[in-house]
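Open the model in your viewer and keep the selection panel at hand. The tour goes from one selection to the next.

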Amino acid sequence: MSDADGEGYLSGLADEMEAVQLQMGAELIGHARLLLRDRKADARELRYLSNRLIEALQDALRIAESRGGRLPVSDECESDGPTQTNEGAE
């Protein structure tokens, strides 16, 4: 079951999961800030936090790649190649 137009059941389910993952990542950032301010935090706690931050970053990267892959690419963008600017030209 797939939905090529991005409006179907699977897309909605993916959007909901991504929203949960991003919310969890945002909450983790808040927790990390508090823990890093605590001078009594031990190495075990910091290692645990580091592993959770890695997981949240992996989720965010997966979401970015997934959404980037769903962006439409116009024929103009494909044929023009890299955009050049006139910076530094005098």
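Select helix α1, residues 9-37, and helix α2, residues 43-70, in this predicted model. Their axes come within 9 Å and cross at roughly 145 degrees. The crossing of α1 and α2 is left-handed.

Next, show the side of α1 that meets α2. Pick D15, E18, Q21, L22, G25, L28, H31, A32, L35 and L36.

What lies under it? R52 sits over the face of Y48, 4.5 Å from the ring centre. Then look for aromatic pairs: the count is zero.

Finally, colour by pLDDT. The chain averages 82, and 76% of the residues score at least 70. Confidence is highest in α1, at a mean of 92. Where pLDDT is low, predicted coordinates should not be read in detail.

Terms used:
Residues are numbered from 1 along each chain as its sequence is written. This is a predicted model: local features need pLDDT of at least 70, side-chain atom pairs count only at pLDDT 80 or more; totals for chains, interfaces and linings use all residues. Side-chain values use heavy atoms; hydrogens and water are left out. Rings of Phe, Tyr and Trp (its six-membered ring) pair if their centres lie within 6.5 Å; planes under 30 degrees apart count as stacked, over 60 as edge-to-face and the rest as tilted. A charge sits over a ring if NZ of Lys or CZ of Arg is within 6 Å of the ring centre and within 35 degrees of the ring normal. Axes are lines fitted to C-alpha atoms, for helices over the stretch in contact, and angles run from 0 to 180 degrees between N-to-C directions. Helices (H or I, at least four residues) and strands (E, at least two) are DSSP runs, numbered from the N terminus. A crossing is left-handed if the near helix is turned anticlockwise from the far one by less than a right angle, and right-handed if clockwise. Contact means heavy atoms within 4.5 Å. pLDDT is the predictor's confidence in each residue, from 0 to 100.
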